[in-house]
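The sequence and the model are shown first, and the description follows.

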Amino acid sequence: MTYDDSNWREEYKSFTSNAKELELLENGPHSLASSWYLMAMRQKWMKIKGYKDPEPPDCQSSFKEWNQSINE
């Protein structure tokens, strides 16, 4: 991760005037659904700031490669 998201909640407050969102940013989630909503807000903040999560590594292998590693 090449960005600092330690205070994204404070930064996001400047992008919204929605009372529900502001309350969620201040007090945190109180249910599973509100945690999903908070995560969606974080993703929106990342998009606004131009941040992207790194691509996961390619860990795919073929059966042939696996079989060769077992036979060795």
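D5 and R42 are both buried, a class for residues with under 20% relative accessible area, whereas exposed means over 50% and partly exposed lies in between (1.4 Å probe, protein chains only). The model is predicted, so that local features need pLDDT of at least 70 and side-chain atom pairs count only at pLDDT 80 or more, while totals for chains, interfaces and linings use all residues. Residues are numbered from 1 along each chain as its sequence is written, and side-chain values use heavy atoms, with hydrogens and water left out.

**Salt bridges**

Side chains of opposite charge can pair when their charged atoms come close. A salt bridge is defined here as a side-chain nitrogen of Lys or Arg within 4 Å of a carboxyl oxygen of Asp or Glu. The structure holds 4 salt bridges, including those in the table.

| Pair | N to O distance |
|---|---|
| D5 and R42 | 2.5 Å |
| K13 and E10 | 3.1 Å |
| E26 and K13 | 2.0 Å |

The salt bridge of D5 with R42 links distant parts of the chain: D5 lies in the segment before α1 (8-12), and R42, 37 residues apart from it, belongs to helix α3 (residues 32-49). Helices (H or I, at least four residues) and strands (E, at least two) are DSSP runs, numbered from the N terminus.

E26 also pairs with K13. E26 counts as exposed, at 53% relative accessibility. Through shared partners, salt bridges join E10, K13 and E26 into one network.

**Nonpolar core**

A nonpolar core is a set of buried Ala, Val, Leu, Ile, Met, Phe, Trp, Tyr and Cys residues joined through side-chain atoms within 4.5 Å. The largest one has 9 residues, namely Y3, W8, Y12, L24, L25, L38, M41, W45 and M46. Two or more residues each come from α1, α2 and α3, and α3 gives the most, with 4 residues. Leaving aside residues up to four places away in sequence, Y12 touches E21, L25, M41, K44 and W45, where contact means heavy atoms within 4.5 Å.

**Surface**

F63 is found in helix α4 (residues 63-71) and is exposed, with a relative accessible area of 58%.
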